[in-house]
Amino acid sequence: MKRTYIYLMIALAAFSFTSCRDYLTEIEPGKTLLADFYVSTDAAVQNVTACYTPLMWEFQGTYLPEWFIGDVVSDDALKGGGSTSDMGDAYDMENWRTTSNNGLLLQFYRAQFQGIGRCNMALEQIEQLEVGLDSLFSQKMKDRLLAEVHYLRAYYYFRLVRVYGGVPLVTKVLYSSEDWGQPRASVNDVYNQILDDLKFAEEHLWLKKEYPAADLGRATKGAAQAMLMKVNLYMASPFWQKQGVQKSPAECYADVVHYGDSIIGSHQYSLCDDYEDNFTVAGENGPESVFEIQYAEVGWGDYGPGFGYTAGSFTQILCRSRSGAIGGGWGFNHPTQNLYDEFEAGDPRRDVAILNPTDDQIETPAVEIYLGSRYLNNKYGMYRDPADIGGGYGKWSLHASRGPLNNKQIRYADVLLMYAEAALGKNDPAPAKEKINEVRARVGLPQLSSVDTKALRHERRCELAMEGHRWFDLVRWEGVEGNGLKAHMDAYKALESDEAQFHMTEFIAGKHELFPIPQEEIQLNSTAMEQNPGY
C-alpha cells in the first residue's frame, strides 16, 4: 500500500440527496451522489485507504508529528531547531509553558478528528453494501474492510485520549449542523469505545501473510492484537485508573497476556537480525513490522496547503542535522545526554538511535548545538540506507524535503516488552525475563538472571528510543498526582545543561500529565466542554 495511497477527501458538501426525476431537482454540476460512488469493491477499498491518510499528516499551519510530544516533552529529547524561538509551540510544551492556544495541539487534535470523520463515513456506507456487489465483494472482504476502519478509528481515538484525556465521542456521520456540538466523553467511555473497535478488528482482520505485497501496511489481525495489548496496558496504569478507567488492572494485564499469546503464537512476526534494518527504506514492512505509517517518495517543496498535500514525511527534514555536510535539515528533536547515558556499554542501539556528530561535521555550532545537546535523531533523520547509494547516508536523508521512510508505530520488540510488562504486573517474572532477554539477545547484550520493573523500563527506553513512546510511557508508569512523574521530571531537569534548565518551568502534578483541549475547539463547540485542570 506504500506507493498506492489514493488521496480521497469525501466532503459532505459534495453530496446531494435530492431526486433527479425532474429538472428542478437535478444534481448540480460538480456534486456527487453517495450511491454513485459506492458501486464496486474498488470504490470501497479506496474509501478505506482514505481513512489511513490522516495518519500521515504532519503539517497544517505548523508541524505536528506526534514525536514533538512523545520525544520532546519527555526526558529523551530537547526541541532543537535553529533557536529556542523556532517552533515556539513545541518549546512551550517541553518547558511546561503550554496554553490552550497552542497551535501544534490544535492541528494535532483536528487531524485525528478528520481521520475519525472519514472512518465514520466509510463504516456507514460499506455496511450498506450487499455481498456480491461484484466478483470481489465477498463477506470476507466486506468484514475485512470494516475491520480496517474500526482499527483506524480506535487508533485515532487512542492518539487523542492519551494527549487530552476525554474528548467528544463521535461514532456516526454528522450530517446536520445541529449535531456538530458534541459533549466531552469520559476517559472511561473513550477507552471502552477503543476496545470495542479493536475487538471487532481483531475478529475480522486478516493475518499479515494473507495480504498481497501491494497491500502490506494495511491493518492486520496482529496489529489489532498488539493495539489491544497496548490499550490494556494504559488502562491498567495508576494514572489512567485515576482518570476514571473502570476495568481493573488485573483484568487488563490478563488481556495483555491473552492477546500477546495470540500474536506471538501466530508466527507472523520476528525480530530483525539487524536492529538497524527497522529504520531503512529497504526494511519497511519487514518481519518485525506490526504496524507502520506508510510514506512515499516525493521531491516537492517543504510548504503546501496543509493536511493531505504530501505523500512524503516531513520528519526526515525536521530531524536532520542543520549542517549541510551531514543532512541540511532543520535540527529538531535533539536526544538528551540523559538518554545517551541510559544505554549500557556496547549496546549498538545507542548509535542507531543517536547520531553524535564530530566537531568537523558541525559547521555552525550556534545553530546546530541546541541548549548543550549536539546529538541528533539518527533513526528518522539521518537514517542509513545502503540500498540507495552503496552505503553511508541515503540519498533521501540528504536531499529530499519530504522523505519516504515509514514511521514504525508498533514493532514486534514492542509486543515482547508489553508482554513482559504485563507478566510483571501479574507477579509472573519468568515469562517477563524470557521476553526481555529475547530483545536483548538480538543486539548481543548479556542475558539477565532476574528482571523487575526497573529492568523493563530500562529496556523499553533503549529499544524504542526516539520512536515517540517515552512521554506516554512515563505518564502511565508514574503519573500519580503529587508523586512519581513530578519527581522524575524534577530529577531530569536537575541533570540537564544550565542552558536547558534556564528555559524550564516547574512541572505541576495533576496538570502537566495531559495537555489542554484547544481553546478554539471549545469555542466552536456549542456544548459546554470542560477544560483540563490547570489550563
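1. Glutamine 268 sits in the loop between helix 10 (249–265) and strand 2 (289–293). Helices here are DSSP runs of H or I with at least four residues, strands are runs of E with at least two, and both are numbered from the N terminus. The model is a predicted one, in which local features need pLDDT of at least 70 and side-chain atom pairs count only at pLDDT 80 or more, while totals for chains, interfaces and linings use all residues. Residues are numbered from 1 along each chain as its sequence is written, and side-chain values use heavy atoms, with hydrogens and water left out.

2. Is glutamine 268 buried or exposed? Glutamine 268 is buried, because its relative accessible area is 15% and buried means under 20% (exposed is over 50%, partly exposed in between; 1.4 Å probe, protein chains only). A polar atom of the glutamine 268 side chain lies 3.4 Å from the backbone nitrogen of lysine 208. Setting aside neighbours within four places in sequence, glutamine 268 is in contact (heavy atoms within 4.5 Å) with Leu207, Lys208, Lys209 and Pro287.

3. Asparagine 285 is also placed in the loop between helix 10 and strand 2. Asparagine 285 is buried, with a relative accessible area of 15%. Its side chain makes a polar contact of 3.0 Å with the side chain of glutamine 294. A polar contact is a pair of N or O atoms within 3.5 Å; within protein, one must be able to donate a hydrogen and the other to accept it, and residues adjacent in sequence count only if both atoms are side-chain atoms. Not counting residues up to four places away in sequence, asparagine 285 touches Lys208, Leu216, Gly217, Glu292, Gln294 and Asn406.

4. Two residues with positive phi deserve a look. Leucine 371, not a glycine, has a phi of about 50°; its place is the loop between helix 14 (365–368) and strand 5 (376–377). Asparagine 427, likewise not a glycine, has a phi of about 60° and lies in the loop between helix 17 (412–425) and helix 18 (429–442). Leucine 371 is buried at a relative accessible area of 16%, whereas asparagine 427 is exposed at 71%.

5. For the chain as a whole, the secondary structure comes to 23 helices and 8 strands. Of its 535 residues, 61% count as buried. Among contacts between residues at least 6 apart in sequence, 71% join residues at least 24 apart.

6. In soluble globular proteins, nonpolar side chains tend to be buried together. A nonpolar core here is a set of buried Ala, Val, Leu, Ile, Met, Phe, Trp, Tyr and Cys residues joined through side-chain atoms within 4.5 Å. The largest has 141 residues, and those with the most contacts inside it are Tyr151, Tyr191, Ile194 and Trp471. Helix 6 (residues 139–164) gives the most to this core, with 16 residues. Apart from this core lies another, of 10 residues, among them Leu339, Tyr340, Tyr375 and Ala465.

7. What does tyrosine 151 contact, leaving aside its neighbours within four places in sequence? The partners of tyrosine 151 include Asp197, Leu198, Ala201, Leu205, Phe291 and Ile410.

8. The count comes to 8 cavities of 30 Å³ or more. On a 1 Å grid over the protein atoms alone, a cavity is a set of points where a 1.4 Å probe fits but cannot get out; a pocket is an open set with protein on both sides within 12 Å along at least five of seven lines; lining residues have an atom within 4 Å of a point. Grid points are joined across faces, edges and corners, and a volume is the space filled by probe spheres set on the points.

9. The largest cavity holds about 340 Å³ of space. Of its 29 lining residues, the closest to its centre are Glu66, Arg159, Asn407, Gln409 and Glu467. Helix 6 gives the most to this lining, with 4 residues. By class, the lining has 13 nonpolar, 8 polar and 8 charged residues (Ala, Val, Leu, Ile, Met, Phe, Trp, Tyr, Cys and Pro count as nonpolar, Asp, Glu, Lys and Arg as charged, and the others, Gly among them, as polar).

10. The second largest pocket has a volume of about 250 Å³. Helix 19 (453–463) and helix 20 (470–478) each supply at least two lining residues, and the largest share, 6 residues, comes from helix 19. The lining includes Glu342, Lys454, Arg457, His458, Arg461 and His488. Its classes are 3 nonpolar, 3 polar and 6 charged.
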